[in-house]
Amino acid sequence: MDPGLVADLTTVGLWWVRVPLVEPFVAAHGAEHAREVVLVRVTGADGGIGWGECVALSQPTYTNEHTAGAWRVLADELVPALFAGRPLDLGGAPMAWTAVETALLDRRLRGVGMSLAEHLGASRASVACTAVIGLQPTIETLLSVVERRVADGYELIKLKVAPDLGLDALHAVRQAWPGLELAVDANGSFAGRADELAPLGDLGLVYVEQPFDRADLDGHARARRGGLRVALDESIESRADLERAIEAGALDIVNLKPGRVGGIAESARIVATAREAGLEVFVGGMLETGVGRALALAFAALEPCTLPTDLGPSARYFADDITAPFELLAGARLAVPDGAGLGVTPRPDRLDAVTIDHVTLPAPG
Ligand code: MG
């Protein structure tokens with residue numbers, strides 16, 4: 001990391017926030033009713049600030065990192081190491097690190113008036129969105145949700161599925177909309193049940209995301225040989241993971257989650273590796289608040305991200321986002337922020353309202 005980004009820091013502030021979700025988000029790994037994230041704000045001697053978001057979920061179900069752990073890692077390890085100029089061992093805390101890295105870069109880019117998207121080399125002013133729909137209680141409910149999303153203009157609908165939940169519903173959606181661009185995300189739930197996955201090959205899916213366990217590259221390679229287009233999400237936590245998956249022939253498509261894979265530099269490396277390998281890329285979501293969504297949108301604007309992003313407007317997640325809300329544009333698109341840095345900041349009154357813990361760590365000396 002560039003020491004110049006750190007040399008004149010005066011404080012690092014941490015905010016543990018809890019933002020109620022519009023509706024619980026249910027996937028194979030569990031349900032989230034409110035979004036708890038840690039926001040990081042760096043302040044420099046010139047008064048310049050930068051923000052970042054740690055997108056770990058509140059429970060260590062989907063990854064080992066979780067909100068409470070990330071809070072401790074940031075306060076006790078990462079920020080003190082940053083101030084001391086010590087090398088950062090980031091192996092266990094890629095999401096906490098991403099928050100710090102984002103805040104440092106946000107501050108620098110604000111200082112020079114450049115947007116993050118421009119810094120990354122992005123060319124798109126807006127990106128197409130996928131409507132991601134969680135497991136629904138009944139088929140009727142699902143059909144009505146899909147109907148609304150189609151009316152909103154979404155070109156790609158992605159359903160969360162699991163072997164005993166959602167497959168009948170998936171067939172019902174296909175029957176109701178024969179020409180709909182449809183994808184599914186299994187969050188690894190077909191582990192040991194590959195036979196039940198095979199019939200999905202008849203549904204004309206754009207992709208099947210993460211049917212098997214994150215470590216099961218051979219299983220994903222077999223699914224591809226069986227005719228499915230496979231997207232990997234949980235399996236890809238770093239560029240090294242992506243290189244192994246490419247070597248195993250395990251994927252057609254990368255779901256890139258910039259907040260989860262170890263940060264901005266690592267995400268850029270993943271995009272470059274995917275492009276060299278001829279893979280398609282889309283940017284996935286981690287139920288980010290506006291701060292994390294701005295980071296993810298900057299990546300979604302990159303040219304190799306050929307498929308619609310899972311990111312959605314603020315209203316998909318929150319009645320009242322922390323930043324100014326991201327609105328859905330015509331054709332179910334999101335504008336890529338073009339202001340300096342992330343292009344968004346938390347609104348102070350909203351931040352106060354959702355904060356459950358806050359600490360300001362001063363630079364030593
Ligand atoms: Mg996924």
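Colleague: Let's start with β6: how many of its residues are buried?

Modeller: Before anything else, keep in mind that this is a predicted model. L156, K158 and K160 point one way from β6, while I157 and L159 point the other way. Residues on both sides are buried, and the strand is mostly covered.

Colleague: Which residue of β6 stands opposite T130?

Modeller: β5 and β6 run parallel and are joined by four bridges. To get from β5 to β6 the chain passes through α4, in a right-handed β-α-β crossover. The residue opposite T130 is L156.

Colleague: And on the β7 side, what is the bridge partner of I157?

Modeller: β6 also pairs with β7, in the parallel sense and over five bridges. Look along β7 for the partner of I157 and you land on L182.

Colleague: Over at β10 and β11, what is the bridge partner of I253?

Modeller: β10 (residues 253-256) and β11 (residues 280-283) run parallel, with four bridges between them. The chain goes from β10 through helix α9 (residues 264-276) to β11, and that β-α-β crossover is right-handed. In β11, I253 is partnered by E280.

Colleague: Now a helix: what do the buried residues of α5 pack against?

Modeller: An α-helix has 3.6 residues a turn, so residues three or four places apart point the same way. In α5 (residues 167-176), the buried ones are L167, A169, L170, A172, V173 and R174. They pack against α4 (139-152), β6 (156-160), β7 and α6.

Colleague: I can see a magnesium ion; which residues are its protein donors?

Modeller: Along the chain, the donors follow the spacing D-x23-E-x23-D. E209 lies in strand β8 (residues 208-209) and D233 in the loop between β9 (230-232) and α8 (239-247), so this pair ties together parts that are 24 residues apart in sequence. Both E209 and D233 are buried. Lying 2.1 to 2.3 Å from the ion, the donors are D185, E209 and D233.

Colleague: Is N187 buried or exposed?

Modeller: N187 is in the loop between β7 (181-185) and α6 (194-197). Its side chain makes polar contacts with the side chains of K160, at 3.1 Å, and E234, at 2.8 Å. Buried means under 20% relative accessible area. N187 comes out at 12%, so the label is buried.

Colleague: What does the side chain of S235 reach at 2.8 Å?

Modeller: S235 lies in the loop between β9 and α8 and is buried, at 7% relative accessibility. Setting aside residues up to four places away in sequence, S235 touches Q210, D213, R214, L217, H220 and D241. A polar atom of the S235 side chain lies 2.8 Å from the backbone oxygen of R214.

Colleague: How about E288: which backbone nitrogen does its side chain reach?

Modeller: E288 is found in the loop between β11 and α10 (290-300), and counts as buried with a relative accessible area of 3%. Leaving aside neighbours within four places in sequence, its contacts are E53, V55, R293, A296, L311 and F318. At 2.9 Å, the side chain reaches the backbone nitrogen of M286.

Note on methods: Residues numbered from 1 in each chain as written. Predicted model: local features only at pLDDT ≥ 70, side-chain atom pairs only at ≥ 80, totals over all residues. Heavy atoms only, no water. Helix = DSSP H or I, 4+ residues; strand = E, 2+ residues; numbered from the N terminus. Buried < 20%, exposed > 50% of the residue type's maximum accessible area, 1.4 Å probe, protein only. Polar contact = N/O pair within 3.5 Å; in protein donor to acceptor, adjacent residues only side chain to side chain. Donors = N, O, S within 2.8 Å, 3.2 Å for Na, K, Ca; no water. Contact = heavy atoms within 4.5 Å. Pairing = 2+ DSSP bridges. Right-handed = clockwise from strand over helix to strand, strands pointing away.
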